[in-house]
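Here is a short briefing on one protein chain. Look at the fold as a whole before turning to single residues.

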Amino acid sequence: MDWVTIVIYLLLIIGGWFSVCGASYDYGDRDFLDFSTRAGRQFVWIICSFGLGFILLMLEERMYDMFAYLIYIGMILLLIVTIFIAPDTKGSRSWLILGPVSLQPAEFAKFATALALAKFMNAYSFNIKKWKCFLPLVAFILLPMLLIILQKETGSALVYLAFFLVLYREGMPGVVLFSGVCAVVYFVVGIRFDQVFIADTPTPIGEFAVLLMILLFAGSMVWVYRKKWEPVRNMIGGSLLVLLIAYLVSEYLSPFNLVWVEWGLCVVTIGYLLYLSLSERQRAYLLIGLFALGSIGFLYSSDYVFDNILEPHQQIRIKVVLGMEEDLAGAGYNVNQSKIAIGSGGLTGKGFLNGTQTKLKYVPEQDTDFIFCTVGEEQGFVGSAAVLLLFLALILRLIATSERQTSTFGRVYGYSVVSIFLFHLFINIGMVLGLTPVIGIPLPFFSYGGSSLWGFTILLFIFLRIDAGRSRRL
């Protein structure tokens, strides 16, 4: 048994409970174990999670492999049922009410998806570079995402994108991950600088910068995949020279939109890549051309998605993070109050139960999504750093444990656990500090709630059981 991971888990659980006590405390409360208080309910869920973890460790590890698909199908059916029978809770239909208990199936679908991916990739004939293997993997990930989006729980759905890190570890071409990063950069730059213009010209910086990146990325990919200097020189050097001449003409002779010139350069570049593909009979050039064409399509569809598909509150949150708006009384209120709370903690914090921002309830959702601001205010920089170091130790330990697995099933499941924890940690801490949009996902083992606590416990302890039986999978 990996006792190091279990000790880290226990430390995080204990730290999380004290944080919930501090965040939910009202002046006059005496008994933190009273079930009528949030701290009391969290304590009961922690005890239940210990029992749940013990049961998972007692089961035979082969059962997780044997019933992986059955568990996945069951969770998919539960997600479908949730769409229709769950009551409206703060605008979403993602919570099932079972008497005094409320459960969120989206939290439990993570371990089911991880098991299904591990089972599928453990097959003898599996090869991630084959479309017949890669497409089912994508379907395994996107299906629960779609169902959770239909529950109007976008934040929880985005967590499933973390599974693509697992696919990259298992041999997915790096260009797929690179394309995802490019999509984020295109979206942010295109939206943020859409109404900012270059000097005195009618050229929007956002559109200009993204099209320039597409040209540079296409040329760079030719060098990475073909190692030929001449086409790279023609594409990048020629594009930069033409743009420089166009800028000088626009600046000193007759102002015009430089994006028009970039459109022409993109057409020429894609045509040149197609010519190279046919003349040299190399598919790499064709794929690079398709990448450039898809990037252009994404750029001009992102405005439509932002304006017509995203909900108004989601648009405002993105604008606040990107600095396009400063809505301290509306969408930016949570983040602003959270930063005040963290900053007021100083180096060593104000002490347990002595935080003013959290005690006076200035921070909405301070015991769930914004629980980290309680740590920052009460324990200061030292306490916040200690929590982050504990999470770092957990992540590094899980990576090392994943690498020592003797089967693909164990390794894939282990990296799925790592990816889920990393995504939650990065996004939650980022949104509390105002670095990422507020999408409403919990901080593992810290945020108040039984569903998230049990979901993370199941995710982790299944892996611990698989790891404990790794020697029998030789």
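Buried residues make up 49% of the 474 residues in the protein chain. Buried means under 20% relative accessible area, exposed means over 50%, and partly exposed lies in between (1.4 Å probe, protein chains only). This is a predicted model, in which local features need pLDDT of at least 70, side-chain atom pairs count only at pLDDT 80 or more, and totals for chains, interfaces and linings use all residues. Residues are numbered from 1 along each chain as its sequence is written, and side-chain values use heavy atoms, with hydrogens and water left out.

**Overall build**

- The protein chain has 19 helices and two strands. Both are DSSP runs, numbered from the N terminus: helices are H or I with at least four residues, and strands are E with at least two.
- Take the contacts between residues at least 6 apart in sequence: 69% of them join residues at least 24 apart. Contact means heavy atoms within 4.5 Å.

**Surface and charge**

- The accessible surface comes to about 22,200 Å², and carbon and sulfur atoms hold 69% of that area. Accessible areas come from the Shrake-Rupley method with a 1.4 Å probe; for residues, only the protein chains shown count as cover.
- There are 33 positive and 32 negative side chains, and the centres of the two sets lie 11 Å apart. Lys and Arg count as positive, Asp and Glu as negative; His and the chain ends are not counted. Each charge is placed at NZ of Lys, CZ of Arg, CG of Asp or CD of Glu.

- Helix 6 covers residues 131-150. Its 20 residues should span 28 Å at 1.5 Å a residue, and its end C-alpha atoms are 27 Å apart, which agrees. The expected span is 1.5 Å times one less than the number of residues.
- Its buried residues include C133, F134, L137, F140 and I141.
- The buried residues of helix 6 pack against helix 4 (68-85), helix 5 (105-121), helix 7 (154-158) and helix 8 (163-169).
- K152 sits in the loop between helix 6 and helix 7. Its phi is near 60 degrees, a positive value in a residue other than glycine.
- K152 is exposed, because its relative accessible area is 61%.

- F445 lies in the loop between helix 18 (408-432) and helix 19 (450-468). Phi of F445 is near 70 degrees, again positive in a residue other than glycine.
- F445 has a relative accessible area of 3%, so this residue is buried.
- T406 is in the loop between helix 17 (371-403) and helix 18. At 35% relative accessibility, T406 is partly exposed.
- T406 and S471 are 65 residues apart in sequence, and their C-alpha atoms are 7.2 Å apart in space.

**K339 in helix 15**

- K339 belongs to helix 15 (residues 333-344). Its relative accessibility is 42%, so K339 counts as partly exposed.
- Which residues does K339 contact, leaving aside neighbours within four places in sequence? They are V432 and L433.
- K339 and V196 are 143 residues apart along the chain, and 28 Å separates their C-alpha atoms.
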